[in-house]
Amino acid sequence: MLPAANRLRTSREFELVTKTGERATSLSLVIYYKALENSAPRVGLIVNSSVGGSVTRHRVSRQLRHAIAPHLAKFPANANLVIRVLRKQPQYSQELETLISKLLSKVAVGA
């Protein structure tokens, strides 16, 4: 689980990152990045009902939180990420790795 300081919470924050941020896409995931004024990197998840029922969506959210936690150190303190799940996949970690690398090179930050 991500600490409270590392989570996006309000719809305004989600909207700001998704509408104005950089984007890296794949078949099943989209990651948005936006640098804002905050003290720690923050992450938000969007997992809609097209992925599955409530249990499936929560399982996917847990998998993504677990997969993204080690990568937070690669991003600067003012980084804000939103991960949008487009469709259900058995394993997101491989795809998440490539998208994070792609996004880091695109915005030229971190590792």
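**Starting at the hairpin**

Begin by selecting E22 and Y33, where E22 stands opposite Y33 in β2; helices (H or I, at least four residues) and strands (E, at least two) are DSSP runs, numbered from the N terminus. This is a predicted model, in which local features need pLDDT of at least 70 and side-chain atom pairs count only at pLDDT 80 or more, while totals for chains, interfaces and linings use all residues. Residues are numbered from 1 along each chain as its sequence is written, and side-chain values use heavy atoms, with hydrogens and water left out.

Now extend the selection to strand β1, residues 22-25, which is joined to β2 by four bridges, the two running antiparallel; two strands count as paired if DSSP finds at least two bridges between them. Three residues lie between β1 and β2, and the two strands form a hairpin. Within this pairing, T25 has V30 as its bridge partner in β2.

**Across to β4**

Keep V30 selected and look to R84 in β4, which V30 stands opposite. Seven bridges join β2 to β4, and these strands also run antiparallel. β2 is mostly covered, with five of its seven residues buried (buried means under 20% relative accessible area, exposed over 50%, and partly exposed in between, with a 1.4 Å probe and protein chains only).

**Into the cores**

Next, select I31, I68, L81, I83, V85 and L96, which touch the most other members of the 24-residue largest nonpolar core. Such a core is a set of buried Ala, Val, Leu, Ile, Met, Phe, Trp, Tyr and Cys residues joined through side-chain atoms within 4.5 Å. The elements giving two or more residues to this core are β2 (29-35), β3 (42-47), α2 (54-68), β4 (79-85) and α3 (93-107), and α3 gives the most, with five residues. Centre the view on I83 and, setting aside residues up to four places away in sequence, you will find that I83 touches residues including L29, V43, L64 and L96, where contact means heavy atoms within 4.5 Å. A second, separate core has seven residues, among them L8, V30, Y32 and V82.

**Along α2**

Which residues of α2 are buried? Select T56, V60, S61, L64, A67 and I68 to see them; they cover an arc of only 135° around the axis, which puts them on the same side of α2, the arc being that of the directions from the helix axis to the C-beta atoms. Turn the model to the other side of α2, where V55 and H66 are exposed.

**Two threonines in α1**

Finally, move to helix α1, residues 11-20, and select T18. T18 is buried, with a relative accessible area of 17%, and its side chain reaches the backbone oxygen of F14 at 2.9 Å. Leaving aside neighbours within four places in sequence, T18 is in contact with Y32, I46, V82 and R84.

T20, also in helix α1, counts as partly exposed at 44% relative accessibility, and its side chain reaches the backbone oxygen of L16 at 2.5 Å.

Conventions. Polar contact = N/O pair within 3.5 Å; in protein donor to acceptor, adjacent residues only side chain to side chain.
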